[in-house]
Amino acid sequence: MLQRIKKRSIRKLTERNLSDRDTSGRNGPVNSLGILVDESIYGDPDEFYELGRRLGIQRKDMRVFVFSSDKHNLPTLRHNQLNMKEFSWSGEIRNQDAVEFLDKPFGLLLGLYKGPHLFLDMLVSRSRARFKVGLSGSDERLFDLLIGLPSWNPLAFQDELTKYLKTLNKIE
């Protein structure tokens, strides 16, 4: 019963966040990068830093946040991690690192997950990023640009993202 209430609350928060989104800075250049990624496609973090380098973003202006489908009992050194247990029954986030990540006004937010995902959709909608890019199959209301790939290939994604951001004059 609580799970149903939690899911309904998260859906309502997502809808509210979408209606309150400020799109005035959408056309600005990309000077910082936030990456919200599902653990199932999370690979080597160096792939993400290489992507930032190709976009002309310094490592200090990048942040990667990982969503895990379950809470690991083993201790981890990754503090930029969130799981579904860290959402209250009312849909509020109880992870301070996640709240700080979402409140940072990134120039570009990448939502790297496949298809609709209740928790990640809410995180993307809550983000204060100016320009949001996701993978095809995601809710198009959340993102300014969706990139379609037949399967997850980091190099192909980097090439496509770079091509579109240059076309939109977001990077040089």
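Contact, as the word is used here, means heavy atoms within 4.5 Å. This is a predicted model, in which local features need pLDDT of at least 70 and side-chain atom pairs count only at pLDDT 80 or more, while totals for chains, interfaces and linings use all residues. Residues are numbered from 1 along each chain as its sequence is written, and side-chain values use heavy atoms, with hydrogens and water left out.

A place to begin is P116, which touches D121 and G137 when residues up to four places away in sequence are not counted. P116 lies in the loop between β4 and α4, where helices (H or I, at least four residues) and strands (E, at least two) are DSSP runs numbered from the N terminus. With a relative accessible area of 69%, P116 is exposed; exposed stands for over 50% relative accessible area, buried for under 20% and partly exposed for values in between, with a 1.4 Å probe and protein chains only. Although P116 and E100 are 16 residues apart along the chain, their C-alpha atoms are separated by 24 Å.

S138, in the loop between β5 (132-135) and β6 (145-147), is by contrast buried, with a relative accessible area of 7%. Its side chain reaches the backbone oxygen of L135 at 2.9 Å, a polar contact being a pair of N or O atoms within 3.5 Å, of which, within protein, one must be able to donate a hydrogen and the other to accept it, residues adjacent in sequence counting only if both atoms are side-chain atoms. Leaving aside neighbours within four places in sequence, S138 is in contact with Y113, G115, F143 and L146.

The interior can be followed through its nonpolar cores, each a set of buried Ala, Val, Leu, Ile, Met, Phe, Trp, Tyr and Cys residues joined through side-chain atoms within 4.5 Å. The largest has 25 residues, of which I35, L55, L108, L110, L112, F157 and L161 touch the most other members. Two or more residues of this core come from each of β1 (33-38), α2 (45-54), β2 (62-68), β4 (108-112), β5, β6 and α5 (154-167). Apart from it lies another core, of 24 residues, among them I10, I93, L109 and M122.

Helix α3 (residues 96-103) has A98, V99, F101 and L102 buried. Seen down the axis of α3, these buried residues fall within an arc of 160 degrees, so they line one face of the helix; the arc is that of the directions from the helix axis to the C-beta atoms. Their cover includes β1, β2, β3 (81-83), β4 and α4 (118-126). At the N-terminal end, N95 caps α3, with a side-chain oxygen 2.9 Å from the backbone nitrogen of D97.

The whole structure holds 5 aromatic pairs, where rings of Phe, Tyr and Trp (its six-membered ring) pair if their centres lie within 6.5 Å, with planes under 30 degrees apart counting as stacked, over 60 as edge-to-face and the rest as tilted. The rings of F67 and F119 have centres 5.8 Å apart and planes at 20 degrees, so this pair is stacked, and it links strand β2 with helix α4 across 52 residues. F67 counts as buried at 0% relative accessibility, and F119 is buried at 6%. The rings of F87 and F119, with centres 5.0 Å apart and planes at 50 degrees, form a tilted pair. F87 lies in the loop between β3 and α3 and F119 in helix α4, so this pair ties together parts that are 32 residues apart in sequence.
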